[in-house]
Amino acid sequence: NYKYRHIILRSIKIGVGTTLAIIIAGFFKLDYPTAAGTITLLTLLTTKKETVKLIINRFITFLITIILSVLVFNFIDHSYLAFLVLLVLIVFIVNILKCENTLSVNALILIHFLSNNDYSIGFIQNELCLLIIGVCIAFIFNMIYFYEAYDKQLRQTINYIDNKFQI
């Protein structure tokens with residue numbers, strides 16, 4: 001059945017892509033390597049057409065999140081209060097920018113800031129590398145098109161149309 005085959009292939013694509021991102025982040029000894037997998041997972045849930053737009057939005061909101069995090073965490077001593085302020089700001093901004101689908105990744109970055117208390121260039125580079133790995137793997141895997149699954153469906157549709165015109 002086409003429907004189940006598509007679900008199985010998509011499940012495999014998500015599982016392999018997510019795991020590969022974690023392995024790559026671990027290979028490079030990044031902090032929080034599972035975050036790369038999470039980013040891949042959340043990016044793979046989009047369609048091929050939406051992937052590029054989502055990736056661009058992820059980088060734009062990542063930059064906003066980093067700038068705001070450095071500012072707010074340095075000016076508000078209590079880290080939970082800073083987290084609250086940042087989360088409210090990020091939710092507001094992604095809604096204004098109409099890119100709500102980037103919120104989960106930005107919240108993940110905020111959690112890393114909260115738990116790490118590190119605002120150094122090295123930490124920011126780590127977060128950027130996680131994002132790059134996650135979206136690159138998602139981009140590659142979202143471009144994989146399972147022709148066999150669609151080819152059968154396409155042939156059935158063509159045969160159906162041909163039969164209708166012959167009547």
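This is a predicted model: local features need pLDDT of at least 70, side-chain atom pairs count only at pLDDT 80 or more; totals for chains, interfaces and linings use all residues.
**Overall build**

The protein has seven helices and zero strands. Read from the N terminus, its elements run α-α-α-α-α-α-α. There are 167 residues in the protein, and 35% of them are buried. Take the contacts with a separation of 6 or more: 72% of them join residues 24 or more positions apart. The protein exposes about 10200 Å². Carbon and sulfur atoms supply 69% of that area.

**Thr61, inside helix α3**

Start with Thr61. This residue is found in helix α3, which covers residues 48-75. Is Thr61 buried or exposed? Its relative accessible area is 2%. The cut-off for buried is under 20%, so Thr61 is buried.

What does Thr61 touch, once neighbours within four places in sequence are left aside? Its contacts are Val94, Leu97, Cys99, Thr102 and Asn106. With Asn106 there is also a polar contact: the two side chains are joined at 3.0 Å.

Leu97, one of the contacts of Thr61, lies in the loop between α4 and α5. Helix α5 spans residues 103-116. Leu97 has 43% relative accessibility.

Three helices each supply at least two residues of the patch: α3, α4 (79-96) and α6 (121-143).

Now turn to helix α1, residues 2-27, where Arg10 has its place. Ile24 is found in helix α1 too. Here are some values for each residue.

| Residue | Relative accessible area | C-alpha separation | Residues apart along the chain |
|---|---|---|---|
| Arg10 | 34% | 9.3 Å to Leu45 | 35 |
| Ile24 | 23% | 9.4 Å to Gly37 | 13 |

Arg10 is partly exposed, because its 34% falls between the limits of 20% and 50%. Ile24 is partly exposed as well, because its 23% falls between those limits.

Which residues does Arg10 touch, not counting those up to four places away in sequence? They are Leu44 and Leu45. Counted in that way, Ile24 touches Ile133 and Ile137. Both of these partners of Ile24 have numbers that fall within α6 (121-143).

**Cysteines**

A disulfide is a covalent bond between the sulfur atoms of two cysteines. How many disulfides does a search of the whole structure find? The count is zero.

Cys99 has a relative accessible area of 3%. That is under 20%, so Cys99 is buried. Cys99 is also among the contacts of Thr61. Cys129 has a relative accessible area of 33%. This value lies between 20% and 50%, so Cys129 is partly exposed.

**In brief**

The model shows a protein of seven helices and zero strands. Thr61 is buried and its side chain makes a polar contact with that of Asn106. Arg10 and Ile24 sit in helix α1.

Technical notes:
Residues are numbered from 1 along each chain as its sequence is written. Side-chain values use heavy atoms; hydrogens and water are left out. Helices (H or I, at least four residues) and strands (E, at least two) are DSSP runs, numbered from the N terminus. Buried means under 20% relative accessible area, exposed over 50%, partly exposed in between (1.4 Å probe, protein chains only). A polar contact is a pair of N or O atoms within 3.5 Å; within protein, one must be able to donate a hydrogen and the other to accept it, and residues adjacent in sequence count only if both atoms are side-chain atoms. Contact means heavy atoms within 4.5 Å. Accessible areas come from the Shrake-Rupley method with a 1.4 Å probe; for residues, only the protein chains shown count as cover. A disulfide is a pair of cysteine sulfur atoms within 2.5 Å.
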